[in-house]
Amino acid sequence: MTIIAVCLVFIGLIGLIASVRPAYIILHLSDYQHKGWLMLVGMIGMFILGYIGFIYMLVDHMVSMLELVVAAIFCGGGAFVFVITCMSRQTIGDLMRTLKDNYYQAHHDSLTGLDNRHQFYLDLEKMFGSQAPYFCCMMLDLNKFKLINDNYGHSYGDHVLKVVAERLINSVPEDAITARLGGDELAVLLPGYDSDMAIRIAQTIQQSLLTPIEYEGATLSIGVSIGISQYPTDGHDKTSLMINADIAMYQAKRNDSHYQIYQPELSLDSVVGHEQ
């Protein structure tokens, strides 16, 4: 019975040792109940020492039926801890992935993967709070996009938006923030860039969209009108900076100039006149 008892406790010991890794992963997976999981890891360590001590006591010892029962309990206890820690790791991991996915969906456009309007506003507020000496806001509107939707259907328009988003990301610096505000309205934040640097980026964006988009046998041509405003000369808050970039964008569309820097003499009348 001694061999049986030792084997039972040893199996439980293996379960405890195997449970250390999932418990350690849980400990670093989330800050939620961090102290509780830290305590669990410590208790598992204490149990391991206790199991080793019990095995040492059983060796060269005439084991009674009571000690055999205790050994069986030790075996079940080790297996129980292993199963619970593995299940907890899986459950918490799934929960963390779900929360991450929900956060991503709440802050990104589902079609293009760009930041959505809500996230763009948050990033713009952070830019103002960062006390950066200057940065640029670019508002982009796709030309002929409505014709593509009307003539070919929304599936073609969706594909165009995906391609445009991909080309946009490849055309701007890595630290730029790109967003889809809605429809065919896009926006870019350029931290640490002045208007002259923003012009060069606007030219790169415009150049990248010159290549027609092939989709299901159709050749789709798309253009872009870009308005540029610079903080702090063209706006001291989120609203004024975006409005001025919007005014410049509509002026660019009206003049067929692809891009336009905001100028104080530009007015909302030009926007109204274009929309009418």
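A salt bridge is a side-chain nitrogen of Lys or Arg within 4 Å of a carboxyl oxygen of Asp or Glu. The structure treated here is a predicted model, in which local features need pLDDT of at least 70 and side-chain atom pairs count only at pLDDT 80 or more, while totals for chains, interfaces and linings use all residues. Residues are numbered from 1 along each chain as its sequence is written, and side-chain values use heavy atoms, with hydrogens and water left out.

**Exercise 1. Salt bridges**

Task: State how many salt bridges the rule gives, and describe the pairs D94 with R97, R180 with D109, and E125 with K238.

Solution. 

Step 1. Applying the rule gives six salt bridges.

Step 2. In the pair of D94 and R97, the closest N and O atoms are 2.4 Å apart. Both residues belong to helix α3 (residues 65-107), where three residues, about one turn of the helix, separate them. Helices (H or I, at least four residues) and strands (E, at least two) are DSSP runs, numbered from the N terminus. For accessibility, buried means under 20% relative accessible area, exposed over 50%, and partly exposed in between (1.4 Å probe, protein chains only). D94 has 34% relative accessibility and therefore counts as partly exposed; R97, with 48%, is also partly exposed.

Step 3. R180 forms a salt bridge with D109, with 3.2 Å between the closest N and O atoms. This pair links distant parts of the chain, since R180 is in strand β2 and D109 is in the loop between α3 and α4 (117-129), 71 residues apart. R180 is buried, with a relative accessible area of 15%, and D109 is buried at 13%.

Step 4. The side chains of E125 and K238 meet at 3.6 Å, N to O. E125 lies in helix α4 and K238 in helix α8, so the pair ties together parts that are 113 residues apart in sequence. E125 is partly exposed at 42% relative accessibility, and K238 is partly exposed at 23%.

**Exercise 2. The sheet**

Task: Determine the order of the strands in the open sheet, and explain why one side of β2 and of β7 is left without a neighbour.

Solution. 

Step 1. Two strands pair if DSSP finds at least two bridges between them. Five strands form the open sheet, in the order β2-β3-β1-β6-β7, with mixed pairing.

Step 2. β2 (177-182) and β7 stand at the edges and have a single partner strand each, so one side of each lacks a neighbour in the sheet. From one strand to the next, the twist averages 20 degrees (axes are lines fitted to C-alpha atoms, for helices over the stretch in contact, and angles run from 0 to 180 degrees between N-to-C directions).

Step 3. Strand β1 (residues 135-143) and β6 run antiparallel and are joined by nine bridges. Within this pairing, D141 has S225 in β6 as its bridge partner.

Step 4. β6 and β7 run parallel, joined by three bridges. Here I226 stands opposite Y259 in β7.

Step 5. Eight of the nine residues of β6 are buried, so β6 is largely enclosed by the rest of the structure.

**Exercise 3. Backbone features in loops**

Task: Locate the cis peptide bond between Y231 and P232, and describe the positive phi values of E216 and H258.

Solution. 

Step 1. The peptide bond that joins Y231 and P232 is cis, with omega about 5 degrees. P232 is in the loop between β6 (223-231) and α8 (238-255).

Step 2. E216 is a residue other than glycine, yet its phi is positive, near 50 degrees. The loop between β4 (213-215) and β5 (218-220) holds E216. With 58% relative accessibility, E216 is exposed.

Step 3. H258, also a residue other than glycine, has a positive phi near 70 degrees. H258 is in the loop between α8 and β7 (259-261), and its 31% relative accessibility makes it partly exposed.
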